[in-house]
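Please open the structure in your viewer and keep the selection panel at hand.

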Amino acid sequence: CAASCIPHTGNVCGTIYCSSSAVTGDMWKANILTVSMPVGMEPITDSVRHSLEFTSLPSPRGGFLPLRMTAELQASEGKRPHYVITAGKLVFFRPSYTASLVVAAGDGNLLPFRGNLGNELYVKITLGATLFSAASGDASMLVQLPKGYTCKAVANAPLALAILGSSIPSGKGNLGQGSGQGTWSFVSPTSAAGGVCRFDFGVAQVMFWSSPIFLAIGVDNPTNPMSQSASGNSWALEVHGKGEHGSATALATTPFEVSASGGFSASTSVLGVLSEAVIFPSNFAKGAYDNWLSIFFRTEQAVNAGGSVWVEAPAEFDFNEACELRELPSHYYVSHSFASTQVSDNPLITLRLPFELGKTCNGRKASSEATGKNRAIIYLRSSLRARTRYGFLLRVLSSRYDHPNELNTWWLWTYSSIGVRLDGCQHTVRMNADAALGASSWVVQDFSQGPPFFGFAIQDMRPSGTATTITVFPITLSAFSSGPMRILAPSGYKWEFSSSDFIYRKKHAGLEAGQFLDGVD
């Protein structure tokens, strides 16, 4: 250490020598300064008071709470020690505290959409200085939520967290809560700020420096979507402590931060909802390669140029690394010039997805369990409008086996150009646009039957809005079936008939005209 002696006025001090050591013997934590006073120094008395100045002292990395220093004067050879505690002002180095949201897949945030109630987010908190509460109220921590959030409950996070892997020890600390320990209270949100989760330490409760704790914070999400990168999407940790001061004071207010190692973030998106989402296959057969999915959705939030649309299929499907895109037949779309002023919230308008053919679709595995690249990422050359319906075709290699999970594992998401998730589907994407929200998707079938084995005819093709006769003929199956049969019409059609209108029998004695189908065996 570097030190100098500033002599009392009119006296001599001389050159001093300083060395450092550690109470624990760990020289990485040297916390003792030993000064050898020089020969010839004017003796220290009640009227002669030399001053010692220490320079180039490294600051504690995590700071410390207000405290008093101690000193011990010794005669030569360590005899006649005299121990004193500093008087006057307390010494204080503002502590550092870090906090982050856990954003690793599977670790909380299972209800990420706007308006979701009872969502649970995991938070990691690490103190730079030990926080001790000798008496109730000596220390507290406050988690300030972004505007729109309501804090409902706080508990210790579960032991098994994906972000921690299988490490032993796990590196996950808990915060003592309940009888005889600290307690949580909650401040309701206001029109200007989100809710607050407050923890007041119990008597003799301590949280040690550099020992991370993981909390599970139960929240009600804001009612409006909020991007992860939005200026108002700011989480903060405020710590109050006393140290040796007379009362607890705010030591620091620290914004949540992103971890360079990944899995931790300063915030998370409150997702908008993709509505009117439909994925309909052109080929239901197992293992079908030439299966073009007709995909529709309506955005809630705009997506800027360079953003992306993600399509996730069941684990057994494969989009290939360079997935193939097409536009729907032209009659599905309207021109941009027509749509420019009346596209949002218009139930009759579908726009083209602005992708560049052959250049903007990448297939990836959505999980380690996937057998193929079941996630298609479609990059956009221009922006998507808010509250607007889009449609496109995407080719997929179908699963070779039917699996019950296929009914519930089709998903759509939109992302900004910097990779922030914006909108998504709260339920698996339906196959039938007219099915109830939350209805299942579709599964592969043993065979796919097209012309000449399946056909239909519509008696009157005029868009009159009145009922007309549809003849489904022929129907030729590749294998015997005794189960029910389902016939799906395109979106916009509505089946309208009574049991007497359903004609399905072949001609035989006793049936009058209009009660049988000609040509049926």
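The radius of gyration is taken over C-alpha atoms, and the globule rule used for comparison is 2.2 Å times the number of residues to the power 0.38. By that rule a compact globule of 521 residues would have a radius near 24 Å, but this protein has 35 Å. The model is a predicted one: local features need pLDDT of at least 70, side-chain atom pairs count only at pLDDT 80 or more, and totals for chains, interfaces and linings use all residues. Residues are numbered from 1 along each chain as its sequence is written, and side-chain values use heavy atoms, with hydrogens and water left out.

**The whole chain**

Display the C-alpha trace first. Its atoms fill a box of roughly 135 × 50 × 50 Å along the principal axes. Of the 521 residues, 36% count as buried; buried means under 20% relative accessible area, exposed over 50%, and partly exposed in between, with a 1.4 Å probe and protein chains only.

**The nonpolar cores**

Which residues have the most contacts inside the largest nonpolar core? Select Phe-297, Val-311, Leu-353, Phe-392 and Leu-394, which hold that place in a core of 37 residues. A nonpolar core is a set of buried Ala, Val, Leu, Ile, Met, Phe, Trp, Tyr and Cys residues joined through side-chain atoms within 4.5 Å. Next, colour strand 22 (275-280), strand 23 (291-298), strand 24 (308-312), strand 28 (375-379) and strand 29 (389-396), each of which supplies at least two residues of this core. The largest share, four residues, comes from strand 29.

Centre the view on Phe-297. Not counting residues up to four places away in sequence, Phe-297 touches several residues, among them Leu-274, Val-309, Leu-353, Tyr-390 and Phe-392; contact means heavy atoms within 4.5 Å. A second, separate core of 35 residues includes Ile-125, Leu-175, Leu-251 and Val-270.

**Tyr-415**

Select Tyr-415 in strand 30 (residues 411-415). Is Tyr-415 buried or exposed? Tyr-415 counts as buried because its relative accessibility is 8%. Leaving aside neighbours within four places in sequence, its contacts include Val-303, Trp-310, Val-420 and Leu-422. Draw a distance from Tyr-415 to Ile-377: their C-alpha atoms are separated by 9.7 Å, although the two residues are 38 apart along the chain.

**Glu-42**

Move to Glu-42, in the loop between strand 3 (32-36) and strand 4 (51-55). Glu-42 is partly exposed, with a relative accessible area of 35%. Beyond its neighbours within four places in sequence, Glu-42 is in contact with Asn-11, Val-12, Val-48 and His-50. A distance drawn to Ile-475 gives 115 Å between C-alpha atoms.

**Backbone exceptions**

Most residues other than glycine have a negative phi, and most peptide bonds are trans.

- Pro-474 belongs to strand 33 (residues 470-475).
- Ser-56 lies in the loop between strand 4 and strand 5 (64-67) and is exposed, at 72% relative accessible area.
- Asn-320 sits in the loop between strand 24 and strand 25 (325-326) and is partly exposed, at 29%.
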